[in-house]
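The exercises below are meant for a reader who meets this structure for the first time. Please work through each task before turning to its solution.

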2 protein chains.
Amino acid sequence: MWMTKFDEATRAVRVDENTYDVLLDPGYSIGGPLNGGYLMAVLLRAVVDASPHEHPVTTSAQFLRVAAPGPAQVRLEQLKEGRTAAMTRATLIQGGVSFIETLVTTATLNDVAPDWSDGPSAAMPPIEQCLRLPAPDPESGMTLNAQMELAFDPPTIGWLDGNPSGRPETRAHFRLAEPQDPDPYVLAMAVDVLPPVVFSAGARGWAPTVDLTWHLRALPAPGWLTLLGSGRMIGDGWFDEDVEVWDSAGRLVAQSRQLARVGRG
Amino acid sequence: MWMTKFDEATRAVRVDENTYDVLLDPGYSIGGPLNGGYLMAVLLRAVVDASPHEHPVTTSAQFLRVAAPGPAQVRLEQLKEGRTAAMTRATLIQGGVSFIETLVTTATLNDVAPDWSDGPSAAMPPIEQCLRLPAPDPESGMTLNAQMELAFDPPTIGWLDGNPSGRPETRAHFRLAEPQDPDPYVLAMAVDVLPPVVFSAGARGWAPTVDLTWHLRALPAPGWLTLLGSGRMIGDGWFDEDVEVWDSAGRLVAQSRQLARVGRG
C-alpha cells in the first residue's frame, strides 16, 4: 500500500487490543520538541484503528512532557462503546513514562450540509497576497516547516519585522508540502501548526501547550485549508488560542482551543 | 465551619490519597440527569484538595453516562506534579462504573490585571431589562433552577414563545440563589447552566454533552456573572457551545466549549 510521508510518520502498528507501536518522526520537530498536533495525529491513528467508528470527533489532550523522536507506544483504555459514539482514553508513552494524556470520542460523520453555520471569524486575503516565512536556520531544528506550506495574512506576522499587530492573532492558508488531501489526521496537526498567537501581541519564546481540545466538525474537501487563530486574554503567564479550520469548500471542518503558557523568550 | 448549600452539595471527603467520597445532590437535576457543570464542580473539589496548587485552571471532561443523585466516588490519578502546574486524571464513579472522565490542570492564579484582553463577544442589556424564566413545573424534576438566578437577554429566549432568534445563542446574568460569592467551583457549574444554545436555533429536547473543556482565567469578583453562550455550527446531529464568563468587574474569568448532540425532542 502506498502511503504519504505524513501517513507513514503517523502510523500506529497494533501490538495487542490496547497497545500500538509508533515511531515518532524527527521531521515534525519545532526546534527539539515534536509538534503537539503531530503527536495528536499519531495517537488518533491508534484510537480510530481500535474503534468501531471512523472519525475522531472530539479530542482533549493534556501535554505532560516534551516527547522526543523515536519509538513510543500508544496505550488505550476503552471507556464506553455506544451506537453513536465511542469514548477512549489514549496515552502516549515513551520509556514507560506518560507524555500526553487524551480523552477521545470517535463517531462516524456523514457528508451532509450543516443545518446552520456561522461564517469565518475573520476574512483572509487570497493566497497570492499572503506571506511565506523564510526557511528556518538548519541549526534551529525546526524541521516541521519543511512538511508544510503556510501562507500568512501579512499583519499577523508583522512581529517578524518588529511590527506585532498588538493582539493575539495568526491567520494562514495551510497545506502539506507533499501532495496529500487533508483528512482528520492532517486536521489534528493543523490546529497546532501556527506560530503562537501571542507572538503578534509581542511575546516571544517557547509557549508550551498545557491543554488542547479540538473538534472535528466535517470531513475536509481537497485543497488548501484556512487556519484562523486568535486569543481572548493573556494574563498571569497564561493565554488561550482558538483555531478555526475552514476547508476549500468554505466549510468549518475543525475547531480547537488550547491553554498555554506565555514564553519567556 | 459554616458552608453554603453549594459548598455542601459539592463537598468531597478524602478516603485515601486517591479516593474521595461525594454525595450527589438531587437539587442540581435538570429533569432526571444531574447538571454536568455541578458534577464538574464536585470532581474539582477532590482534585484541588489533593493538589499542591489552589485552582483548577483547565478541565477537560468527557461525559460517558448520566449520573444520578446519591453516593459516588471521585478517583484520582496524579499524572505530573510541576512547580507551576500539576496534572490529574479524575473519574466520577457510581456503583463501580465510570460516569465522567476528566483531565485537570491545577495551578495557583495570581490577582493581577491581564496583559491583554479582548472585550465580551456580545453586549448585554442591564439586569432590569432581562427576562426570568417561569418557575418549572414541579413534576419536571428541574430542581437546578431553584439554586440559581438567571436573567436572560430577551432575544436569546425568544424560543420560549415560539420566536427563536435563528442562531445558536444564549446570554444571561447569573448568580446563585443563596448569597454566595462566585469562586472556581461556581464557575465550573456556570459554564453549563444555560439552556442549550441550539434552542434559539429551533432545536429542542435533551442535548447531551459529549466533551466539555473549560479554562479558569481569573478569580471572579463578588457579584453577578455574565454568561455569553454561542455556537458556530450545527450539523449532522452535533453542535458546539462556547460560553464566556465575565465577572462584575468586567474581567473574563472563564471560557468553555462543549461539543454536544442535538436533541430529538
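Predicted model: local features only at pLDDT ≥ 70, side-chain atom pairs only at ≥ 80, totals over all residues.

Residues are numbered from 1 along each chain as its sequence is written, chains are lettered from A and ligands numbered from 1 in the order in which they are written, and side-chain values use heavy atoms, with hydrogens and water left out.

**Exercise 1. The build of chain A**

Task: Determine which secondary structure chain A contains and what its radius of gyration is.

Solution. Step one is to list the elements: chain A has three helices and 14 strands. Helices (H or I, at least four residues) and strands (E, at least two) are DSSP runs, numbered from the N terminus.

Step two concerns the radius of gyration, taken over C-alpha atoms, and the globule rule, 2.2 Å times the number of residues to the power 0.38. For chain A the radius is 18 Å, close to the 18 Å that the rule gives for 265 residues, so chain A is as compact as a globular protein of that length.

**Exercise 2. Strand pairing within each chain**

Task: Follow the pairing of strand β2 (residues 19–24) of chain A, then that of strand β2 (residues 19–24) of chain B.

Solution. Two strands pair if DSSP finds at least two bridges between them. In chain A, strand β1 (residues 12–16) runs antiparallel to β2(A) over four bridges, and two residues lie between them in a hairpin. Here A:V13 has A:D21 as its bridge partner. On β4(A), A:D21 stands opposite A:Q73; the antiparallel pairing of β2(A) with strand β4 (residues 70–81) of chain A has six bridges.

In chain B, four bridges join strand β1 (residues 12–16) to the antiparallel β2(B), and a hairpin connects them through two residues. Six bridges hold β2(B) antiparallel to strand β4 (residues 70–81) of chain B, where B:D21 has B:Q73 as its partner.

**Exercise 3. The extent of the interface**

Task: State how many residues each chain gives to the contact and how much area chain A and chain B bury between them.

Solution. Contact means heavy atoms within 4.5 Å. By this criterion, 59 residues of chain A and 58 residues of chain B take part.

Buried area is the accessible area (1.4 Å probe) that two parts lose on being put together, summed over both. Chain A and chain B bury about 5200 Å², with 54% of it on carbon and sulfur atoms.

**Exercise 4. Links between the chains**

Task: Identify salt bridges and a strand pairing that connect chain A with chain B.

Solution. A salt bridge is a side-chain nitrogen of Lys or Arg within 4 Å of a carboxyl oxygen of Asp or Glu. The whole structure has 26 salt bridges over all chains, and ten are found across the interface of chain A and chain B. One of them pairs A:R89 with B:E101, whose closest N and O atoms are 2.5 Å apart.

A:R217 and B:D240 also form a salt bridge, at 2.7 Å from N to O. A:R217 lies in the loop between β10 (209–216) and β11 (225–230) of chain A and B:D240 in strand β13 (residues 238–246) of chain B, so the pair joins two chains.

Finally, strand β12 (residues 233–235) of chain A runs antiparallel to strand β7 (residues 116–117) of chain B, joined by two bridges. Within β7(B), B:W116 stands opposite A:I234.
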